[in-house]
Amino acid sequence: QMTANQLRHNAGIVLHIAMREVRLQAAYRNKFLADVFSHFIGIAPVLLVTLAMSGSELNWESLTHLTRENVRFVVIGYIAFVALGFGTPIMQYTGMAWGIAEEVHTGTIERNFLAPVSRLIVLLGIGIYYIALYSFHVISLMILAVILMGESLVLTSTSLVAAAMAALGL
């Protein structure tokens, strides 16, 4: 049973490690930008292939109704895969593995493991960055889905719980 002081102390350590992870990731500027915008970069080939297969110009007004519906269908499928499917959890866990590997490479994981806290607290601190990053991915993709679907998107309590679980990588 943890006391309130222990819980506060551990939360401070997790936050400190998470902030250090943000600074470490930001030091690798190209990787950091790719991490933040990869879900939008990943949708570009899908859109371009859909538009190319339709024979339309790269102009939303010139698209036929069928092409618009095809683009919408493909984009919503991509969003469902990345935000609510396997995409986000896989990226989250591989991102955490990269973060841990980078700590091993730089030699800071030994220092962290020597701290007077459990290893779980250290790993949770590393993971918080990735949870926040991929929560941003899920939320921004859900906003894109709302923009694309407009009023035809139905939000139920079950779909919101599923989105929350996906945002947390569960």
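Is Phe 40 buried, exposed or partly exposed? With a relative accessibility of 32%, Phe 40 counts as partly exposed (buried is under 20% relative accessible area, exposed over 50%, partly exposed in between, with a 1.4 Å probe and protein chains only).

1. Ground rules. This is a predicted model, where local features need pLDDT of at least 70 and side-chain atom pairs count only at pLDDT 80 or more, while totals for chains, interfaces and linings use all residues. Residues are numbered from 1 along each chain as its sequence is written, and side-chain values use heavy atoms, with hydrogens and water left out.

2. Overall build. The chain has seven helices and zero strands, so the labels follow DSSP runs (H or I of at least four residues for helices, E of at least two for strands), numbered from the N terminus. Of the 170 residues, 32% are buried. Among contacts with a separation of 6 or more, 76% join residues 24 or more positions apart; contact here means heavy atoms within 4.5 Å.

3. The patch around Phe 40. Phe 40 sits in helix H2 (residues 29–54). Together with Leu 33, Phe 37 and Ile 41, Phe 40 forms a nonpolar surface patch with about 360 Å² of accessible area. Patches take residues with over 30% relative accessible area and no salt bridge, joining nonpolar side chains (Val, Leu, Ile, Met, Phe, Trp, Tyr) within 5 Å and like charges within 9 Å.

4. The salt bridge. The count comes to one salt bridge, taking a side-chain nitrogen of Lys or Arg within 4 Å of a carboxyl oxygen of Asp or Glu. The partners are Asp 35 and Lys 31, at 2.6 Å from N to O. Both lie in H2, four residues apart, or about one turn of the helix. Asp 35 is buried at 12% relative accessibility, whereas Lys 31, at 23%, is partly exposed.

5. What Asp 35 touches. Setting aside neighbours within four places in sequence, Asp 35 is in contact with Gln 25, Tyr 129, Leu 133, Tyr 134 and His 137. Gln 25 is itself one of the buried residues of H1.

6. Helix H1. Residues 4–27 make up H1, whose 24 residues reach 35 Å from first C-alpha to last, close to the expected 34 Å (1.5 Å times one less than the number of residues).

Technical notes: Areas by Shrake-Rupley, 256 points an atom, 1.4 Å probe, with all protein chains shown as cover.
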